[in-house]
Amino acid sequence: MGCMSVHGPDDSSNGAPLCPECHDTDSAIVWQWHAPELWRRTTIALRRALAHQLGVTETRRKPSKKNPTPPPALVDVASVQFAKVAEYQARGLVHFHALIRLDGVDGPGSPAPLDGRSLGRLLEHAAGDVHFEAPPVDDNDTARVLCWGKQLDVRVVRDTNRTDDPDGPLTPGQVAGYLAKYATKDANSIRADRPVEHIAEFASRCRRLSARASEHYGPHINANGTPVNPYQLLGKWAHMLGFRGHFSTKSRRYSVTLGQLRRARAKYRDLVATAEHDEDARKALLDLEELEARLLADDTETTLVIGNWTYQGTGWTNPGDETLALAAAARAREYEQWKAQTKNTNQ
């Protein structure tokens, strides 16, 4: 089917299926629900392919008698770091924009064993082979094999991509701007309360699938404490059209951690409060480079606890405590004897 009409950017029919009766909304929701799992498997597959390409093991192995010197692992030669954002399309499904970086042994900026093009080819193969079998919602449903779509666009980020200074390197601010652009591009286009029929239907179908799954699987829990129902929280995420992942994620060593940012915000609030009556603190707020270094400095304080132990003696400290303890023990013995006798009499 096709549509030859020209729709404006604010037309509510943008993203709507051409044939609502033919459109498999249930499969779209199931894919959306398991999209974070697809991304997790993609990162695993990429590291596995990278280790194979470099001739190293995926994880570090412990020395043994048969192999006292284990082969080098991937962490010994390189590490894969990434930052990604999820952008909602007008049809209600997400797609990911990710920046993937290959670091050398010494971290960001150190020489990597592969260039960007080689890493891009590994990523294309890894993403193309990733799949996940999603369990059915109930007995009237069927299992689905989920994978990425054909719209996989892998590009190499170069230092000459800057439009303001083609010969200059990319700055952290430009990288953050790229991610922020797609993170906020359609932030308001997927609200379930918008007067867009296909978005509202998408959210409503999420709740219906969640109810079906709850009725089918019930409130059962595995031996490890996890629910048996894989779609238990689908209704809770109906306002996100079934996407349960965070809109922005990154590997831990891609850049500053969220914990460092929280500590930096706390330091900044303290500095602003001090600047009201301290001239040096006011000057520190104006020097941005010094301020950044000060806020992100790792100055975690530790407390040294010194304890002294001395021998006080053995037994009760006074005769009264000893008498109470002996009486309590005697009552406990008498009670146990009474229970044993009562049990034998009943038998």
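Predicted model: local features only at pLDDT ≥ 70, side-chain atom pairs only at ≥ 80, totals over all residues.
Residues are numbered from 1 along each chain as its sequence is written, and side-chain values use heavy atoms, with hydrogens and water left out.

**Helix packing**

- Helices (H or I, at least four residues) and strands (E, at least two) are DSSP runs, numbered from the N terminus.
- Axes are lines fitted to C-alpha atoms, for helices over the stretch in contact, and angles run from 0 to 180 degrees between N-to-C directions.
- Helix 6 (residues 279-286) and helix 7 (residues 288-295) cross at roughly 100°, and their axes come within 5 Å.
- On the helix 6 side, Ala 284, Leu 285 and Leu 286 meet Leu 288, Leu 291 and Arg 294 of helix 7, where contact means heavy atoms within 4.5 Å.
- By class, this contact of helix 6 with helix 7 has five nonpolar, no polar and one charged residues; Ala, Val, Leu, Ile, Met, Phe, Trp, Tyr, Cys and Pro count as nonpolar, Asp, Glu, Lys and Arg as charged, and the others, Gly among them, as polar.
- Helix 5 (residues 258-275) also packs with helix 7, at an angle of about 120° and with the axes 9 Å apart.
- That angle makes helix 5 oblique to helix 7.
- Ala 264, Lys 267, Tyr 268 and Leu 271 of helix 5 meet Leu 291, Arg 294 and Leu 295 of helix 7.
- The contact of helix 5 with helix 7 has, by class, five nonpolar, no polar and two charged residues.

- Three strands form an open sheet in the order 2-1-5, with antiparallel pairing; two strands pair if DSSP finds at least two bridges between them.
- Strand 2 (94-103) and strand 5 (248-250) stand at the edges with a single partner strand each, so one side of each has no neighbour in the sheet.
- Neighbouring strands of this sheet are turned by 10° against each other on average, direction ignored.
- Strand 1 and strand 2 pair in the antiparallel sense over ten bridges, and Tyr 88 stands opposite Val 94 in strand 2.
- A hairpin is formed by strand 1 and strand 2, with five residues between them, and Gly 92 in the turn has a positive phi of about 105°.
- Strand 1 (residues 79-88) also pairs with strand 5 in the antiparallel sense, over three bridges, and Val 85 stands opposite Ser 248 in strand 5.

**Thr 42**

- Thr 42 lies in helix 1 (residues 25-54).
- Thr 42 is buried, at a relative accessible area of 4%; buried means under 20% relative accessible area, exposed over 50%, partly exposed in between (1.4 Å probe, protein chains only).
- Not counting residues up to four places away in sequence, Thr 42 touches Leu 123, Ala 127, Val 130 and Trp 148.

**Cysteines**

- The structure holds one disulfide, a term that denotes a pair of cysteine sulfur atoms within 2.5 Å.
- This disulfide joins Cys 19 to Cys 22, with S to S at 2.3 Å.
- The link of Cys 19 and Cys 22 is right-handed, with 55° about the S-S bond.
- Cys 19 is buried at 16% relative accessible area, whereas Cys 22 counts as exposed at 61%.
- Cys 3 is partly exposed, with a relative accessible area of 41%, and Cys 147 is partly exposed, with 40%.

Conventions: Parallel < 35°, antiparallel > 145°, perpendicular 65-115°, else oblique.
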